[in-house]
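Open the model in your viewer and keep the selection tool at hand. The stops below go one at a time, each with something to select.

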Amino acid sequence: MADDYLVRIGKLIRDARQHRGWTQAQLAEALGTSQSAVNRIERGNQNISLEMIARIGEALESEIVSLGYAGPMHLRVVGGRRLSGAIDVKTSKNACVALLCASLLNKGRTVLRRVARIEEVYRLLEVLNSIGVRTRWINDGVDLEIVPPADLDMAAIDADAAVRTRSIIMFFGPLLHRMDRFKLPYAGGCDLGTRTIEPHMIALRRFGLDITATEGQYHALVDPTVRPDRPIVLTERGDTVTENALLAAARSDGVTVIRNASSNYMVQDLCFFLEALGVKVEGIGTTTLTVHGVPQIDTDVDYSPSEDPVEAMSLLAAAVVTESELTVRRVPIEFLEIELAVLEEMGLDHDRTPEYFADNGRTRLVDLTVRPSKLEAPIDKIHPMPFPGLNIDNVPFFAAIAAVAQGKTLIHDWVYDNRAIYLTDLNRLGGRLQLLDPHRVLVEGPTRWRAAEMMCPPALRPAVVVLLAMMAADGTSVLRNVYVINRGYEDLAERLNTIGAQIEIFRDI
């Protein structure tokens, strides 16, 4: 029995190393041991202590074994089942994390309705709690109440929680109004290659923020006398870059114009929230935002973030890949129109209800019913563009959809350095995906999916794509180390089970 556990642990370590892109020699160097020792560990031929497992997990940035943690570790998927019925889309992950950061602007009480209970939110709450912000779940754990202290204790920040989320970089905007100097740990999150924060710095320097990075920390120095004297032109039309500029402008006295701004769903939700705080924002939904700053914000605010279009796309893709008829309710249609137009050209059979408003009174929703369809590969390549183009986070789902369509589909994921590479994990489930370069994948369908046991990719959307393929594959698959999925989805396995999936959450040790 002990030998069996060693073999299973060795396999986990090997899979985590391969997903990190390391050789055995690189892992050995990080651990201060020999390549032969790593080889023995991975083959289950060497006793290994919990301390060594922890060191390996830290080196590979992967949770190999979890002790004292009640959350899910792995998923066992019985595939080949049809989905049916209806499922509601949850509130937006990316909107919720932006609003948590934005709550630091307000001296009053903030209540956010139906907040996504996901790991990314939990990490931010741990950071907020560590610096003195009081948070509590109310109304049977559905809503979140946030009450800031008079002074934030940045010296007590929970660095471990902070480095597990990239959202921490959105603390810069609000914090520059609260203190003249502070430190933040480096941003983490998904492994998507090199993502510089320089576009954030270019925008925030116009508000007097100067950043130096040393020893795993950002050192921030603020000159409160500096204000933008002309429009801010963002060098990247990124969502978090735009949000950081908005957060900085919200309490900057006077009028700030932000050009080349993202108009994506989470940015619009942030604008609606700022308006609830008394900050006037003109141009919402366009690439030019004019913010009328309010130097002091002290108000009790109650806000409902809108539904998540990427989760909606995930559920739609689940229906397509499993050849199911499924109704997805509360779909933010404004942010899925391009995706649906592409799918219609591919032959998707679907219909939608008349539009109605989300709880924020601004975002347009529909209920969408998808039926089994004979899909053809699109003539043009699939590639993302800033809103209103095809959403960057929805591109991976087209890999699974293209895999069940007749013909060849070119997917060009030009935004991230590594994400297209992770899509080729579908080949282990029977897919035929050819990596042309780090950004382009050629997908050939239709696919006869087959069950497999594999490690969860370290990027959120490719991880969910693998799960969807497992749901379509006859037989039993195992997806290991699914923390990354829990970063962005609330109770995804349990919710899929309510519409006909068979997914078991389990732990090895």
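This is a predicted model: local features need pLDDT of at least 70, side-chain atom pairs count only at pLDDT 80 or more; totals for chains, interfaces and linings use all residues.

Select Glu-355 and Arg-364 and show their side chains: the two meet in a salt bridge, 2.8 Å from N to O. A salt bridge here is a side-chain nitrogen of Lys or Arg within 4 Å of a carboxyl oxygen of Asp or Glu. Glu-355 is partly exposed at 45% relative accessibility, and Arg-364 is partly exposed at 24%.

Residues are numbered from 1 along each chain as its sequence is written, and side-chain values use heavy atoms, with hydrogens and water left out.

The structure holds 32 salt bridges. For another of them, select Arg-329 and Asp-88, whose side chains pair at 2.6 Å, N to O. Arg-329 belongs to strand S14 (residues 326-332) and Asp-88 to strand S2 (residues 86-88), so this pair ties together parts that are 241 residues apart in sequence. Helices (H or I, at least four residues) and strands (E, at least two) are DSSP runs, numbered from the N terminus. Both partners are partly exposed: Arg-329 at 34% and Asp-88 at 36%.

Move to helix H6 (residues 119-130), where Arg-123 and Glu-126 sit three residues apart, about one helical turn. Their side chains form a salt bridge of 2.8 Å, N to O. Arg-123 is buried at 10%, whereas Glu-126 is partly exposed at 31%.

Now select helix H14 (residues 395-403). How many of its nine residues are buried? Nine of the nine are, so the helix is largely enclosed by the rest of the structure. Among them are Phe-397, Phe-398 and Ile-401.

Last, select Gln-46, in the loop between helix H3 (35-42) and helix H4 (50-60). Gln-46 is partly exposed at 24%. Leaving out residues up to four places away in sequence, Gln-46 touches Leu-6, Ala-37, Arg-40 and Ile-41; contact means heavy atoms within 4.5 Å. The C-alpha atoms of Gln-46 and Gly-10 are separated by 9.1 Å, with the two residues 36 apart along the chain.

Technical notes. Buried means under 20% relative accessible area, exposed over 50%, partly exposed in between (1.4 Å probe, protein chains only).
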